Amino acid sequence: MQVLYDAEANYDKLKNKTIAVIGYGSQGRAQSLNMKESGLNVIMGLREGGASWEAAKEDGHEVYTIEEAAKMADIIHVLIPDEIQGDVYNKQIKQYLEEGNTLSFSHGYNIHFKYIVPPKGVNVTMVAPKSPGKMVRKTYEEGFGVPGLICIEKDETGEAYDVALGMAKGIGLTRAGVIQTTFREETETDLFGEQAVLCGGVTELIKAGFETLVEAGYAPEMAYFETCHELKLIVDLIYQKGFKNMWNDVSNTAEYGGLTRRERVVTKESKEAMKEILKEIQDGRFTKEFALENQAGKPHLNSMRRLEGELLIETVGADLRKKCGLEKE
Ligand SMILES: NC(=O)C1=CN([C@@H]2O[C@H](COP(=O)(O)OP(=O)(O)OC[C@H]3O[C@@H](n4cnc5c(N)ncnc54)[C@H](OP(=O)(O)O)[C@@H]3O)[C@@H](O)[C@H]2O)C=CC1
Ligand SMILES: CC(=O)[C@](C)(O)C(=O)O
């Protein structure tokens with residue numbers, strides 16, 4: 001699969017275009033500042049009176065309402081929560097789209113599951129950092145970037161690819177590397193990854209390890225350092241050097257113990273569960289469940305958030321992160 005870098009990307013098709021970034025949260029702030037500092041013409045489309053409105057103004061952006069920004073823009077880059085994009089699009093963006101505009105996203109969810117169906121004549125693209133927003137910004141400021149994806153769902157002008165790749169360059173993604181894929185692939189793999197591995201799987205593994213040690217009588221601080229804090233350092237090794245070199249960097253004791261016991265932790269049943277989670281994403285069961293959750297006002301998500309915040313690992317971790325000066329931005 002080809003990886004695209006700065007050399008393959010340029011701003012030619014963005015020179016005389018206005019990019020309206022809708023949303024100033026995790027991705028919105030990072031991507032809009034990066035693109036602006038890369039010399040692109042970026043305006044913000046935000047909720048008047050919301051926290052983001054003031055934050056974006058303080059960061060020096062030109063801030064408009066979503067409707068005003070949509071009217072002014074050639075490219076509308078939608079960076080608000082997935083579960084409300086359809087509503088905001090239908091009420092505050094759709095009516096201002098013109099032939100030749102580009103509707104752009106950082107996740108394929110709303111296009112893939114057809115909560116948003118753009119009109120003829122409008123390009124539909126994606127520029128998706130494979131990273132939380134804070135690292136998108138931090139790595140850009142450090143002169144590098146995070147890897148990302150671009151997708152072209154509809155190219156009505158013949159410029160969609162160059163627009164998407166140019167935006168990826170502006171965000172800093174082509175410094176690290178960009179892969180072109182499809183909305184379906186990005187949506188299904190991203191949902192799977194965040195559910196079964198990155199957020200869901202990993203936090204459950206850490207929680208189980210922490211609780212095992214605490215229930216066996218070890219100090220919670222010991223359990224936190226062993227199962228949560230050090231995990232980042234190990235994952236950094238895998239991120240930078242891959243599995244093989246991570247194993248080289250840890251002790252022979254850790255390598256032997258890890259390789260001989262890991263399949264008792266992530267078992268064949270775990271792999272079967274992962275396949276089921278992927279099937280639920282592919283056949284629409286997950287998105288239907290998430291839509292009902294949001295229509296009901298997020299009752300399960302809110303109660304799980306409360307429970308998560310009350311976990312011993314959370315309180316012990318917060319105390320240790322402060323004491324050990326780990327809370328750097
Ligand atoms: N978070 C991440 O790391 C990643 C996210 N993505 C994708 O990027 C997109 C944006 O995600 P993310 O940055 O996490 O989103 P956030 O949850 O951080 O978005 C918050 C922003 O959305 C605005 N907002 C919330 N509700 C509304 C509303 N009803 N009307 C108008 N604006 C609203 C908020 O404004 P206010 O201040 O007024 O509340 C704020 O500006 C999503 O498609 C996501 O899947 C892709 C890769 C990684
Ligand atoms: C950071 C990222 O890409 C996630 C976890 O999929 C998300 O926040 O949507």
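Q: Before we look at ligand contacts, what counts as a polar contact?
A: A polar contact is a pair of N or O atoms within 3.5 Å. Keep in mind that this is a predicted model.

Q: OK, so how far is an oxygen atom of ligand 2 from an N or O atom in the side chain of Glu 194?
A: That distance is 2.5 Å, so the pair falls within the 3.5 Å limit and is a polar contact.

Q: And what's the distance for the side chain of Asp 190?
A: There, an oxygen atom of ligand 2 is 3.0 Å from a side-chain N or O atom.

Q: Switching to helices: at what angle do the axes of H1 and H7 cross?
A: Roughly 95 degrees, and the axes come within 7 Å. H1 covers residues 26-37 and H7 covers residues 160-171. Because of that angle, H1 is roughly perpendicular to H7.

Q: Which residues make the contact?
A: H1 brings Gln 31, Asn 34 and Met 35, while H7 brings Met 167, Gly 170 and Ile 171. By type, three are nonpolar, three are polar and none is charged.

Q: New topic: is Asn 110 buried or exposed?
A: Asn 110 is buried, because its relative accessible area is 2% and the cut-off for buried is under 20%.

Q: Where does Asn 110 lie, and what does it touch?
A: Asn 110 lies in helix H5, residues 109-112. Leaving out residues up to four places away in sequence, Asn 110 touches Asp 82, Gln 85, Gly 86, Tyr 115 and Ile 116.

Terms used
Residues numbered from 1 in each chain as written. Chains lettered and ligands numbered in written order. Predicted model: local features only at pLDDT ≥ 70, side-chain atom pairs only at ≥ 80, totals over all residues. Heavy atoms only, no water. Helix = DSSP H or I, 4+ residues; strand = E, 2+ residues; numbered from the N terminus. Buried < 20%, exposed > 50% of the residue type's maximum accessible area, 1.4 Å probe, protein only. Contact = heavy atoms within 4.5 Å. Axes fitted to C-alpha atoms, helices over the stretch in contact; angles between N-to-C directions. Parallel < 35°, antiparallel > 145°, perpendicular 65-115°, else oblique. Nonpolar A, V, L, I, M, F, W, Y, C, P; charged D, E, K, R; others polar. Polar contact = N/O pair within 3.5 Å; in protein donor to acceptor, adjacent residues only side chain to side chain.
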